[in-house]
Amino acid sequence: MTGLKASPFAPEYTTRVINDEPMSRHTSWHVGGPADFFFDPRDAGDLAAFVRQLPAEIALLWIGLGSNLLVRDGGIRGAVITTHGALSSLERSSATRIRVAAGVPCARIARECVKWGLGPAEFFAGIPGTLGGALAMNAGAWGGETWRHVLEVEVLDRQGVRHTRTPADYEIGYRRVLGPADEWFLAAQLEFERKPGENENSIAQLLDKRRETQPIGEWSCGSVFTNPPGDYAARLIETAGLKGFRLGDASVSQKHANFIINHGAARAADIEALIEHVRRTVAEVHRVELTTEVRIVGEPAWT
Ligand SMILES: Cc1cc2nc3c(=O)[nH]c(=O)nc-3n(C[C@H](O)[C@H](O)[C@H](O)COP(=O)(O)OP(=O)(O)OC[C@H]3O[C@@H](n4cnc5c(N)ncnc54)[C@H](O)[C@@H]3O)c2cc1C
């Protein structure tokens with residue numbers, strides 16, 4: 001709890017903002033200490049109004065489904081906004097275009113596109129996050145990548161003002177998106193091709209294949225590290241002898257070496273220490289520096 005917590009918000013928000021919300025409830029690793037303030041907006045207008053009245057000294061973090069986030073055990077000093085639930089519209093805007101709000105789960109984009117005969121969009125089915133998170137990460141799977149389909153994005157700045165931006169406003173790479181500072185995604189116009197032959201079975205087959213090779217259903221954040229050029233992080237980790245290596249209640253997955261599993265009682269500190277151990281061991285054994293794909297945020301615990 002910080003000194004700022006007495007009453008930093010406009011009166012209409014004081015009862016709607018949750019204090020000390022455990023972030024373990026909002027991350028797929030199920031770890032993470034409390035956020036000072038947690039806000040679940042009703043819609044985009046409500047979200048913008050909240051941001052407009054948020055004092056400038058309060059740090060702001062937007063989250064989707066927390067499927068790529070390691071929140072440290074000391075939690076987050078500042079305000080967290082969740083988009084899942086609030087920004088939920090998805091509509092077809094032309095024969096090949098759709099407008100998707102940032103809180104829409106990627107799996108829904110895949111399903112709707114298949115229904116409308118648009119593709120290739122099945123790759124979205126493999127990403128267990130929201131479109132907002134996929135835009136922030138340039139998420140991809142099975143050869144598909146989010147930003148290849150982006151025509152324009154609607155963003156909100158720290159003053160609560162909306163802007164429309166195009167891909168030319170961003171530096172986009174493999175799991176990397178660099179754009180104007182202090183802006184967050186509200187929605188995107190995505191373009192696909194007409195693919196009337198696609199059906200739900202193609203998604204089901206891809207997901208089956210994934211279940212064979214990845215520990216789906218266990219508490220993880222997907223791939224912890226990005227693949228270095230010309231190689232695979234999982235191969236480097238496995239051949240460094242780290243499959244199954246355990247720290248506390250976190251371990252390197254036996255099924256896919258680039259996944260770290262929380263077996264139930266891991267703390268963020270265990271996972272972060274394991275990430276560091278993997279990084280150091282791979283550097284020693286292979287002379288390759290791995291880079292984390294997961295975003296690590298928040299404060300360490302005092303103890
Ligand atoms: C089992 C499993 C499998 C996975 N497989 C894949 C895969 O195949 N390919 C892949 O790319 N990823 C994969 N991931 C990782 C993850 O699903 C993606 O990175 C996803 O895009 C994250 O979306 P999210 O909504 O959960 O974002 P979060 O984890 O909530 O946030 C991730 C980052 O995005 C930022 N962010 C979120 N919403 C917004 C917004 N509206 N505006 C601005 N910034 C925002 C956050 O601040 C944070 O920095 C996997 C994860 C799991 C658990």
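Student: How many disulfides does the structure hold?
Tutor: Zero disulfides here, where a disulfide is a pair of cysteine sulfur atoms within 2.5 Å. Keep in mind that this is a predicted model, where local features need pLDDT of at least 70 and side-chain atom pairs count only at pLDDT 80 or more, while totals for chains, interfaces and linings use all residues. Residues are numbered from 1 along each chain as its sequence is written, and side-chain values use heavy atoms, with hydrogens and water left out.

Student: What makes C221 buried?
Tutor: Buried means under 20% relative accessible area, exposed over 50%, partly exposed in between (1.4 Å probe, protein chains only). C221 has 5%, so it counts as buried. C106 is buried too, at 0%.

Student: How do you know that the buried residues of α5 line one face of the helix?
Tutor: Those residues are S202, I203, L206 and R210. Looking down the axis of α5, they fall within an arc of 100°, so they line one face; the arc is that of the directions from the helix axis to the C-beta atoms.

Student: Which residues are exposed on the other side of α5?
Tutor: N201, Q205 and E212 are exposed there.

Notes. Helix = DSSP H or I, 4+ residues; strand = E, 2+ residues; numbered from the N terminus.
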